[in-house]
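Here are my notes on the model you sent over.

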Amino acid sequence: MIESKPRLASAKEVAAELRRRSAFVMVSHVKPDGDTLGAGLALGLALKRLGKRVCYFQQDGVPRNLRFLPDADLVSRELPPDLPADTLYVFCDMSDRSRAGEYLPAVDRENVLDIDHHLGNALFGKLNFVLESECSTGSAVMFLLRELGVPIDDRIATCILVTVMTDTGGFMHSNTTPEALELAAELMRRGADKEEITEEIFLRKRVVATKLLGRIIDAMRFEHGGRYCYSYVDDAMLAQTGADGEDIEDVVNTLLGQDGVDVAALFKAIEGEIRVSLRSSGKLNVQAAARRLGGGGHFRASGLTCRGSLSEAFSAVEAALVAEGL
Ligand code: AMP
Ligand code: MN
Ligand code: MN
């Protein structure tokens, strides 16, 4: 039998599939951010309004700063045993299904919907709703909500606004298009709590997080004439400051913000693996650099996971960046 080539689905096709199914599992990626969770929660809330059964799967749990999201208390690593055979698994904000982690039970491709905005999405679903030009996966979900005709209440609006604000870095990144700002305005009119989002996600920091930031800044190194800045955090630094992995979510942007820096990397050597966050000012494609090492993401923001020692990871990432023009 010839495998049919995956192609992109329209909002209409996806809405028809959503109406056909009775049960859903919204799947978010490991070490979740506001986009993967907000997109799944918004669509889950909408589907519940249509009388559907909805569960939320997340391997690593909801980070402290996203626990204010509606339905966040229902997000779990466990799935109920009695889900019907035609349950649709909706993967949000991941270019590849392995980003959901290893705890998710095997799912037939027939029962997978892939909603995303990453470059180079593997189109791993029965239906793939991938809009690379959208600022967030949540803003892609908005097209589905409009197609479904579900009223966008304040709870749904808050979830979508979280996706827009987190993936645009609080309206600072280059994906802050006029369309993104218009969407944010519409969501605020529908009752999205912009104040709470700003406070919970962007302004409030734990004191231990600020202390850890100091340590990471002390460890900064500059290479390639000051255009490449990198630093690291390891288990010892976390133990010494009392901080944890959730406290370093946006630190890589501080590295990128240093005068003269075009590319920044933060190496997170935590609990036996090294996760690397890459950021670019726009001159160099860090998605292509991450892909060389098995990761992915966007032109200006990407990530990957390394094996081996920290110094091996430093060398591998620098080589990948050099190969992309550093
Ligand atoms: P982060 O640095 O974790 O904020 O991730 C930046 C971007 O890269 C996000 O769009 C992530 O979804 C993506 N990303 C991070 N790690 C990986 C990975 N191991 N594989 C593929 N994409 C990743
Ligand atoms: Mn994400
Ligand atoms: Mn995203």
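1. Start with the two metals: the manganese ion (ligand 3) and the manganese ion (ligand 2) sit 4.0 Å apart, with aspartate 93 coordinating both. Keep in mind that this is a predicted model, where local features need pLDDT of at least 70, side-chain atom pairs count only at pLDDT 80 or more, and totals for chains, interfaces and linings use all residues. On bookkeeping, residues are numbered from 1 along each chain as its sequence is written, chains are lettered from A and ligands numbered from 1 in the order in which they are written, and side-chain values use heavy atoms, with hydrogens and water left out.

2. Which residues hold the manganese ion (ligand 3)? The protein donors are Asp35 (OD), Asp93 (OD), His117 (NE2) and Asp167 (OD), at 2.1 to 2.3 Å. Donors here are N, O and S atoms within 2.8 Å of the metal (3.2 Å for Na, K and Ca), and sites may look incomplete because water is not among the atoms. Along the chain, the spacing for the manganese ion (ligand 3) reads D-x57-D-x23-H-x49-D. Aspartate 35 belongs to helix α2 (residues 34–49) and aspartate 93 to the loop between β4 (88–92) and β5 (112–116), so this pair ties together parts 58 residues apart in sequence. Helices (H or I, at least four residues) and strands (E, at least two) are DSSP runs, numbered from the N terminus.

3. Now the manganese ion (ligand 2): its protein donors are His29 (NE2), Asp33 (OD) and Asp93 (OD), lying 2.0 to 2.3 Å from it. The sequence spacing of those donor residues is H-x3-D-x59-D. Histidine 29 is in the loop between β1 (23–27) and α2, while aspartate 93 is in the loop between β4 and β5, so the two tie together parts 64 residues apart in sequence.

4. Aspartate 93 has 2% relative accessibility, and aspartate 35 counts as buried at 0%.

5. On to the packing. The largest nonpolar core has 54 residues, and those with the most contacts inside it are Leu18, Leu43, Val90, Ile115, Leu145 and Ile160. A second, separate core of 21 residues includes Tyr230, Ala289, Phe314 and Val317. A nonpolar core is a set of buried Ala, Val, Leu, Ile, Met, Phe, Trp, Tyr and Cys residues joined through side-chain atoms within 4.5 Å. In soluble globular proteins, nonpolar side chains tend to be buried together.

6. Not counting residues up to four places away in sequence, valine 90 touches Phe24, Val25, Met26, Val27, Leu43, Leu113 and Ile115; contact means heavy atoms within 4.5 Å. Valine 141, found in helix α3 (residues 137–148), is buried with a relative accessible area of 0%. Leaving aside neighbours within four places in sequence, valine 141 contacts Ala39, Leu43, Ile115 and Ile160.

7. Among the residues in contact with serine 231 are Ile216, Leu255 and Phe267. Serine 231 lies in strand β8 (residues 228–234) and counts as buried at 1% relative accessibility.

8. The structure holds six aromatic pairs, meaning Phe, Tyr or Trp rings (six-membered ring for Trp) with centres within 6.5 Å; planes under 30 degrees apart count as stacked, over 60 as edge-to-face and the rest as tilted. Phenylalanine 91 and phenylalanine 124 pair edge-to-face, at 5.5 Å centre to centre and 80 degrees between the planes. Phenylalanine 91 is in strand β4 and phenylalanine 124 in the loop between β5 and β6 (127–130), so the pair ties together parts 33 residues apart in sequence. Separately, Tyr228, Tyr230, Tyr232, Phe267 and Phe314 form one aromatic cluster.

Note on methods:
Buried < 20%, exposed > 50% of the residue type's maximum accessible area, 1.4 Å probe, protein only.
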